[in-house]
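Please keep the sequence and the structure at hand while reading.

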Amino acid sequence: MSEWLPLLPILIVTFTGLLLMMLEVFMPKEVPAVFAGVSLTALAFAAMGPIIDWTLHKGAVKHVLFEGALTVDSYSYFFTILLLAAAALTIVAAWNYLPREQMGHGEVYSLLMFSLTGMLTLASATSLIALFLGVEVMSIAVYVLVGARRTDLKGNESAIKYYILGAFSSGILLYGIALIYGTTGSVQLEVIRDFLANPGEGKLPLLVVGLALLIVGMGFKVAAAPFHAWTPDVYEGAPAPITGYMATAVKAASFAFFLRVLAVGFLPVKDHWVEVIAGLAVVTMFTGNLLAFVQTNVKRMLAYSSIAHTGYLMMGLVALTSAPEGTAAAAILYYLVAYTVTNLGAFACITFLSTRGEKLVEFDDYAGAAKKFPLVAFVLALCMASLIGIPPTAGFFGKYFLFTSVIQQGYAWLAVVGIINSILSVYYYLRLVVVMYMKEPKSDWSSATGLQPARIAGVICAVIVIWAGIGAGNLLSLVPGAAPLMAWAKTSVSTLF
């Protein structure tokens, strides 16, 4: 049994995806609650594998599987729990939304499970081939989910755009992998690292080209500028819960392999890529924040916000170091948790406030929301505060840990750029709060009252945002058995170095 524990999450999620497809065929009629219930039950069982394995090995987990293609360790378990939680919160938020939008079909839940299979593979991939397979399994399922509202032309257009651009990025990623394999003779990250310690004469330039193409392909997946053009249109056209899932789970899984590839495989040649990543971080932060200023659609604003936060996360990649005291990798993990729960909470509120067809998604549509739905408005305002980085939210400590690690590695100028961009973001985040609390209601939210699960998902996210922030501030030591999230992140990244 212990040999199968490392694969339990992937196996359960994959089997559940197949089961949901068959349930729709044999059930006399579609019952969305059954699909959602089965999905949540499967996610709960999938989470038991990492918890049991972690307990059996007392935190020191490392399983090398399939001749080194996958490595299930503390690092991958961190992302496994995060991704399973993100999927569960998405399903809760979409519980009544999908039937209302005539999307309560089994294939929607099945595609969620299949995309999660690719994400879990990405979190454990230590071979560039396994990495590519994980990317494709995740991406193809998400392409379809974006267009899941079949009668919506905007959603269909978004799905086609995402698919076409995603196909180009996959080709670039695969070409980069081919060049790296041709240079090093291996696709295993540890073998590549050993090769780079003493590279063959004349081979390094070709490998740098391969790495550049790899960064371009990964840059598309994490929505880094200038590979971000798909993001606002796709986020706007996709159903709100799916947009939240894309903005969080897809980004977290993509950064899971981005971080592992650079930290495990290419850290010996950091001098060749660190300036490129730093430049991309600066361009991405300014692109996201400046373009968010002029948005009138809340989903498009959060899309550009997502681009800006990609820039912040890439600052952590710049500060990567193999030294034991290096905190950049752990800071990235903490930031991803803070970013994930914050955005899932925001999109849960958007899901709750939307009417049939998502007609109320403009800034002006949120006027007076605090008077009609005070709890939802408070959760949304709290999420905006966390995205800004206001204490004691998790977003504040996420930026604190990232900026501190960047300064410690001698990139103070980059931290200053990050702080400037954080100040710029205050305008468009607080703009939404001002509209909700300081303007009179004018929208009809009569159809929003039935989406109670979305409100529950938002409240859960708000609690985690505060809990993670208090924990990072070492106040959780007052609570018996409460371990700070940053300590878990540091333990998880220790297996990378």
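The count of salt bridges in this predicted model comes to 11.

| Arg-149 | Glu-101 | 3.5 Å |

Is Arg-300 buried or exposed? Arg-300 has a relative accessible area of 18%, and therefore counts as buried, since the cut-off for buried is under 20%. Asp-233 has a relative accessible area of 25% and is partly exposed. Both residues also belong to a network of salt bridges that share partners, made up of Lys-154, Glu-157, Lys-161, Asp-233, Glu-236 and Arg-300.

The salt bridge between Arg-149 and Glu-101 links distant parts of the chain, 48 residues apart. Arg-149 is in the loop between helix H6 (128-146) and helix H7 (153-184). Glu-101 is in the loop between helix H4 (97-100) and helix H5 (106-124). Both Arg-149 and Glu-101 are buried.

**Aromatic rings**

How many aromatic pairs are there? The count comes to 21. A pair of aromatic rings is described by the distance of the centres and the angle of the planes. For Tyr-312 and Tyr-335 the centres are 6.5 Å apart and the planes are at 55°, and this pair is tilted. The two residues are 23 residues apart, with Tyr-312 in helix H13 (residues 298-318) and Tyr-335 in helix H14 (residues 328-353). Both Tyr-312 and Tyr-335 are buried.

One aromatic cluster is formed by Tyr-143, Tyr-162, Tyr-163, Phe-220, Trp-230 and Tyr-235. Elsewhere a charged side chain meets a ring: Arg-431 lies over the face of Phe-363, 4.1 Å from the ring centre.

**Helix packing**

Helix H1 (residues 8-26) packs with H5 at an angle of about 165°, and their axes are 8 Å apart. This angle makes H1 roughly antiparallel to H5. The crossing in which H1 passes H5 is left-handed.

Helix H12 (residues 270-292) and H13 cross at roughly 155°, and their axes come within 7 Å. H12 is therefore roughly antiparallel to H13. H12 also passes H13 in a left-handed crossing.

**Loops and contacts across the sequence**

Ala-367 is placed in the loop between H14 and helix H15 (369-372). With a relative accessible area of 4%, Ala-367 is buried. Its C-alpha is 4.8 Å from the C-alpha of Met-436, although Ala-367 and Met-436 are 69 residues apart in sequence.

Gly-410 sits in the loop between helix H17 (394-408) and helix H18 (412-438). Gly-410 is exposed, with a relative accessible area of 57%. The C-alpha atoms of Gly-410 and Ala-319 are separated by 8.4 Å, and these two residues are 91 residues apart along the chain.

**Backbone features**

Most residues other than glycine have a negative phi, and most peptide bonds are trans. Which peptide bonds and residues here depart from that?

The peptide bond from Ala-225 to Pro-226 is cis, with omega near 5°. Pro-226 is in the loop between helix H9 (204-221) and H10. Another cis peptide bond, with omega about 5°, joins Pro-391 and Pro-392. Pro-392 is found in the loop between helix H16 (374-388) and H17.

Ala-223 has a positive phi, near 65°. Ala-223 is in the loop between H9 and H10, and is buried, with a relative accessible area of 1%. Glu-67, which is not a glycine, has a positive phi of about 55°. The loop between strand E1 (62-65) and strand E2 (70-73) contains Glu-67. Glu-67 is exposed, with a relative accessible area of 78%.

Methods:
Residues numbered from 1 in each chain as written. Predicted model: local features only at pLDDT ≥ 70, side-chain atom pairs only at ≥ 80, totals over all residues. Heavy atoms only, no water. Phe/Tyr/Trp six-rings, centres within 6.5 Å; stacked < 30°, edge-to-face > 60°. Helix = DSSP H or I, 4+ residues; strand = E, 2+ residues; numbered from the N terminus. Buried < 20%, exposed > 50% of the residue type's maximum accessible area, 1.4 Å probe, protein only. Lys NZ or Arg CZ within 6 Å of the ring centre and 35° of its normal. Salt bridge = Lys/Arg side-chain N within 4 Å of Asp/Glu carboxyl O. Axes fitted to C-alpha atoms, helices over the stretch in contact; angles between N-to-C directions. Parallel < 35°, antiparallel > 145°, perpendicular 65-115°, else oblique. Left-handed = near helix turned anticlockwise from the far one by under 90°.
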